[in-house]
Amino acid sequence: MRSVKAIGERIYSGCYMDFGYWERDPVGDLRYTSLTKKLSVDMVPDEEFWTILEIEGLIVFQSLDRIYAYNPLDESVVAIDAQTSIPKIFEVDGVLYFQRIGRGLFKVENGSEVLVSNQAKLLEEEVISLFGEQNGLLVLTSDSGFFRLGPEGLLAWDIPTNPLLLASRTYSALQLKQGGFVIGTISKGVFHLDPEGNLVRQYDQLNGLGNNTVLALLEDRDDNIWLGLDNGVSYFNPESPFTVFVDKKGVVGSVYAARSHKGFLYLGSNQGLFCKPVGESGEFVLIAGTKGQVWSLDEIDGTLFCGHHTGTFVIEGTRALRIDEASGTWKVGRLSENPKRLIQGKYDGLNILEQEGQSWKVRNKIDGFEHSARFVEVLDQTVFVNHEYKGIFKVTTDPGYERAITVTVDTTLIGYDSGILKYGDELLYTYSEGIFRYDPKADRFVKDTTLKGIYEKEQALSGRMHLDESGKSLWLFGESSIYSVSSGNLLGNPKIQVIPLAEKERNSIVGYESLEVLPEAGNYLIGTRSGYMVMDLNRYAPREFNITLASVRCVGRELQPGSDSPVEIAKSGEFSHKENNLDFAFFSAEYFPFRGPKFQYRLEGFYPEWSPWSENPSASFRNLPPGNYTFQVRARIGDQLSSNTADYSFEIARPWYRTRLMWAISALLLALVGWLIHTQYRNYYRKKQNRLLERNQRELDLARARNDKEIVKLKNEQLRKDFKEKSNELAASTMSIIKKNEILNRVRKQVQDRFQDNESIEPIIQIIDESLSQDDDWELFKEAFNNSDREFLNKLKTAHPELSPNDIRLCAYLRLNLTSKEIAPLFNISPRSVEIKRYRLRKKMGLERDKNLVNYLLTL
């Protein structure tokens, strides 16, 4: 890809044998459309596109051989062929200009090319850029610098930087929105010129560029200047409040102290004390005799003291006068009651300096205190020394500061990177746990309530504090910002200014930070590990910024490992229960160095609390349960929040077996199963109850049956008894009749035998015969027989209605199992006649021969 231009919602690009545009699809991904293929453009062999411009709604693509004008409205393309090579095209006030090598400078007017100038310089040299002016054009050439093209012709623009431009081959140029120019070269980096052509600054590989060949330039909406280099991209912002000076040669090293004093800017580093005149762009020079570690530069009443690893120096211009050759000096401080004496913290204790005339010398060492005194402050004639590993020493001395009378140590406050500083009339102590203030009445350090807001914003706070004596401001260094504390309002509350310059961006040595007020108002120098940076608070103006949700990607369980699926973020999302792994990417379009945004997010419905602030511009959530969620993210630069909170609402559907329909079906099935179980239980218990009732009924019936049986038995016994009695009565009656008839027959016979032919006995014989032939005996027998066997005679008449009364009488006697001999007297006939009667009876009944008559009668 040779050229790219963002116009509206599209990104137009040109490359080898093709040009087209990129635009975002609904899910936010870029999709490419080739105009050469879509519009069937006949390309020139080996054609490459180098420049893209927008002029009056047309998109102009330029190759070395042609100029193509594409109309996005009707998607038409018009080509302008070049008879010679076209190195570049330019747009000035809505007019398209181009150069033909060897023929001059042309413009397109009413669809036709018009010669603008064919001056010698425009024929021989490549035109790098054109800029509009009130009376013509400002032309920048590759080797001869600037020219003005107007009614008088082509005239050279005489500016102070011409020697630089003539000594460098120019390849790219840009006119800034705020005025001035940026010139990119082949080997000298980039020149920043003001509107009059004066050099503001040169940026090259030594002070930050990736390399010195600048092929393309772009100014974005935030005034950042982007540089397309031979092997990468760099950028700078001429309006940035921060300017970094990198010591790539390793001359200065790590800066531990800085001071602007009497026209010189001094830098104390791990390699010595360096200086240069204020305002000059030359390099820093090592002051003779100061090679080695410099710990401090303290200006006291117009005298600059240098605390050095080898002792103490007084600095005068470019000279260093040694006044103490003892062990290393950490710092030099005031003794308020005597301006002619100073106290200095040493590697092995405390020393007193004294002024004699115009010079300083070591007066004495304070006896009785032998500890390292890097941080020393004097409050009401009491010396406080902070030791990072032992605590805070409180030293009281004699009035002459010759010896320590008492030495006490507060071990409740011990912290690495801690420090103490006298601010106004109060003594402050700072370390990782916060900011503390010395309370003389309680004789201890208490946590400061007015500055606690600083500590609450920081995870770590350096113990190194700096006092801007000119502005009476206190400077504190946090992990994410620098804080300036100055006098407050009428209520006494301090005014705190937050500069979002993080520790990693400051590149300082933690605990050894340095800050110095420069002569330019509002400018401060901050030491770094390899040089320094200048902070211009006049240019620092916090402004509103937004945060944007860049993309949402679904990492579903059904996708291949490492793959994901983009999601359209313009509307709420709906995902299946298997698409419950989501990745969110977001950004805040702030490209200022040292002002990197931090992000904080939450997921309402799952993660309601805001996450800790982080520089990571993404968030991931895995195995989210079904439900409705809203992802929210916001940004912070320093202590300023983004003006908006980006959000994205989505829903993860329940699995099919947990949908409302399935819940309804499940509830219905559950109710049905419950009803079935209830029915089964009800039927079971009903059957059980019925079985119990049946069993009870059976037992009741059985008991009733037993009772009935017992009753029947009793009745049967009673009947048997009655029957027996009846039978006995019947038998007795029958035997009585038989005996009576036998007696009557015997009497008749004896009467006949004794009184043969005697008529007198006839009446007796007649009475006996009448008695024998009467039915009274039968009626008596019949009544007795019916009492004992009531149904027999009825059954007999029903079965054999043709039987005569005598036949029925014979049947009754036979049922009583009487023999023919016993029956004969009852009929008053002979046994033989009885047999004949029985024979006739069988025939009337139609009994077969082998069937017993008596048995038959017994069965009726």
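**Notes on strands, cores and a helix pair**

1. Arg341 has Glu354 in β35 as its bridge partner. This is a predicted model. Strand β34 (residues 341-346) and strand β35 (residues 349-356) are joined by 6 bridges and run antiparallel. Both strands belong to an open sheet of 4 strands, ordered β33-β34-β35-β36, with antiparallel pairing. At the edges are β33 (329-334) and β36 (359-365), each of which pairs on one side only. From one strand to the next, the twist averages 30°. Strands of a sheet pair through backbone hydrogen bonds, either parallel or antiparallel.

2. Strand β38 (residues 382-387) deserves a look. Is it mostly covered, or mostly open? It is mostly covered, with 6 of its 6 residues buried. In a regular strand the side chains alternate between the two faces of the sheet. Both faces of β38 are covered. Thr382, Phe384 and Asn386 are buried on one side. Val383, Val385 and His387 are buried on the other.

3. Next, the partners of β38. Strand β37 (residues 375-379) runs antiparallel to β38 and is joined to it by 5 bridges. Val376 stands opposite Val385.

4. Most residues other than glycine have a negative phi, and most peptide bonds are trans. Glu75 is not a glycine, yet its phi is positive, about 50°. Glu75 sits in the loop between β7 (66-71) and β8 (76-81). Its relative accessibility is 30%, so Glu75 counts as partly exposed. Asp93 is not a glycine either, and has a positive phi of about 55°. Asp93 lies in the loop between β9 (89-92) and β10 (95-100). Is Asp93 buried or exposed? Asp93 is exposed, because its relative accessible area of 71% is over the 50% cut-off.

5. The largest nonpolar core has 24 residues. Which of them touch the most other members? They are Phe584, Phe586, Phe631 and Phe650. Elements giving two or more residues to this core are β52 (548-554), β55 (582-587), β56 (598-604), β57 (618-621), β58 (627-637) and β60 (646-652). β58 gives the most, with 5 residues. Leaving aside neighbours within four places in sequence, Phe631 has contacts that include Leu549, Phe584, Phe586, Tyr601, Leu603 and Phe621. Arg602 and Asp647 are also among its contacts.

6. There is also a second, separate core of 22 residues. Among its members are Leu793, Leu796, Cys811 and Tyr813.

7. Last, a helix pair. Two packed helices are described by the angle between their axes and the distance between the axes. The axes of helix α10 (residues 805-815) and helix α12 (residues 831-845) come within 11 Å and cross at roughly 105°. Therefore α10 is roughly perpendicular to α12. On the α10 side, the contact uses Asn806, Asp807, Leu810, Cys811 and Leu814. On the α12 side are Lys837, Arg838, Leu841, Lys844 and Met845. By class, this contact has 5 nonpolar, 1 polar and 4 charged residues.

Definitions and conventions:
Residues numbered from 1 in each chain as written. Predicted model: local features only at pLDDT ≥ 70, side-chain atom pairs only at ≥ 80, totals over all residues. Heavy atoms only, no water. Core = buried A, V, L, I, M, F, W, Y, C linked by side-chain atoms within 4.5 Å. Buried < 20%, exposed > 50% of the residue type's maximum accessible area, 1.4 Å probe, protein only. Contact = heavy atoms within 4.5 Å. Axes fitted to C-alpha atoms, helices over the stretch in contact; angles between N-to-C directions. Parallel < 35°, antiparallel > 145°, perpendicular 65-115°, else oblique. Nonpolar A, V, L, I, M, F, W, Y, C, P; charged D, E, K, R; others polar. Pairing = 2+ DSSP bridges.
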